Amino acid sequence: MRLTPFLLSMLLLSTCLAEQQSTLLFHDGFEHGLGGWDEAVDCSLSAAESYSGNYSARLGFRRFSVQYLMRRVGAEEQPTGSFVFEFHVKLVRSSMEAVTLAALVFPTGPVAVAVSKDGRVSLGFGLFEPPVYGGLKLKRGVWVKVQLHIDYEGERVELYLDDEKALETGLRGRTLPLQEIWIGTIWLGGAGGYGMVMEAYYDDVALGGEELLNPKPPINLIAAAAASAIIGMEFMPLPPS
Ligand SMILES: [Ca+2]
């Protein structure tokens, strides 16, 4: 069979898709309930809100409760190196303090994604350790894609909001195997002054390879690319008349 450019591109596309599928270790869009989770406290299925499909997980229903979803990560879902934890969240209401949104638990401790009182996202590595703040704020009342990149090769952890890097910091300890995934209120009080998620929706929670990342280039790179495109146009030779 002769490989025409069309066949070659289809072959490459199918290879890419196969690779993407094989590196998605876990995904839950809550279309079949909350049964994929080991513990669910003050959580319900919502048909009123969803990022995709028809349902999402709603956290926070009762007042004065600690709302979370937790699942233990099985051997077949275990990352073997650098990986990405992704979730979509719509934070509607919380107490007047900072709140944790989600966390990964490793043998050497947790890595938690939190939002400060003024909306800035942060990473926490323990209840009594001050969180590391990023420069971006989480918009309330809208769906936001949150990605946590555990980069073992670079010994760092990155946090992205809608593909924009919010912060990057050093990775502490040897952290595999990944033990648990938590969604919602993980800590109360502590160094970050954490309070309660009072109403939040979660959808499309996933664990997968680094191909899940699609970072936006920094603004100065976009400006440089635009400038070089303009220069390129100016110096483009005119077609012969
Ligand atoms: Ca869904």
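The protein has 2 helices and 15 strands. Helices here are DSSP runs of H or I with at least four residues, strands are DSSP runs of E with at least two, and both are numbered from the N terminus. Before I go on, please keep in mind that this is a predicted model: local features need pLDDT of at least 70, side-chain atom pairs count only at pLDDT 80 or more, and totals for chains, interfaces and linings use all residues. Residues are numbered from 1 along each chain as its sequence is written.

Now for the overall numbers. Of the 241 residues in the protein, 33% are buried. By buried I mean that 20 or more other C-beta atoms lie within 10 Å of the residue's own; exposed means 12 or fewer, partly exposed is in between, and the C-beta atoms are placed from the backbone. If we take the contacts with a separation of 6 or more, 66% are between residues 24 or more positions apart. A contact means that two C-beta atoms, placed from the backbone, lie within 7 Å.

Let's look at the sheet. Which strands form it, and in what order? Seven of them make an open sheet, β2-β5-β14-β7-β8-β9-β10, with antiparallel pairing. At the edges are β2 and β10 (132–137), each pairing on one side only. From one strand to the next, the twist averages 10°, taken between lines fitted to C-alpha atoms, with angles from 0 to 180 degrees between N-to-C directions. As a reminder, strands of a sheet pair through backbone hydrogen bonds, either parallel or antiparallel. I call two strands paired if DSSP finds at least two bridges between them.

Zooming in, β8 (residues 109–115) and β9 (residues 120–124) run antiparallel and are joined by 4 bridges. One to find on your screen is A114, whose bridge partner in β9 is S122. Also in β9 is R120, which counts as partly exposed because it has 18 C-beta neighbours inside 10 Å. R120 touches Y133, G134 and K137, leaving aside residues up to four places away in sequence. From R120 to G135 is 15 residues in sequence and 6.6 Å in space, C-alpha to C-alpha.

Next, β11. Strand β6 (residues 83–94) and β11 (residues 144–151) pair in the antiparallel sense over 7 bridges, and V89 has V144 as its bridge partner in β11. The hairpin of β11 and β12 has 4 residues between the strands, and E155 takes a positive phi near 50° in it.

L148 comes up again in the core. The largest nonpolar core has 53 residues, and V113, L148 and Y202 have the most contacts inside it. Strand β15 (residues 197–208) supplies the largest share, 7 residues. Such a core is a set of buried Ala, Val, Leu, Ile, Met, Phe, Trp, Tyr and Cys residues joined through C-beta atoms within 7 Å. Setting aside residues up to four places away in sequence, V113 touches L101, A102, V121, L123, V146, L148 and L159.

Last, some backbone angles. Most residues other than glycine have a negative phi. Which kind of phi does D42 have? It is positive, about 55°, although D42 is not a glycine. D42 is in the loop between β2 (39–41) and β3 (43–46), and counts as buried because it has 21 C-beta neighbours inside 10 Å. D204 has a positive phi too, near 45°, and its place is in strand β15. With 19 other C-beta atoms within 10 Å, D204 is partly exposed.
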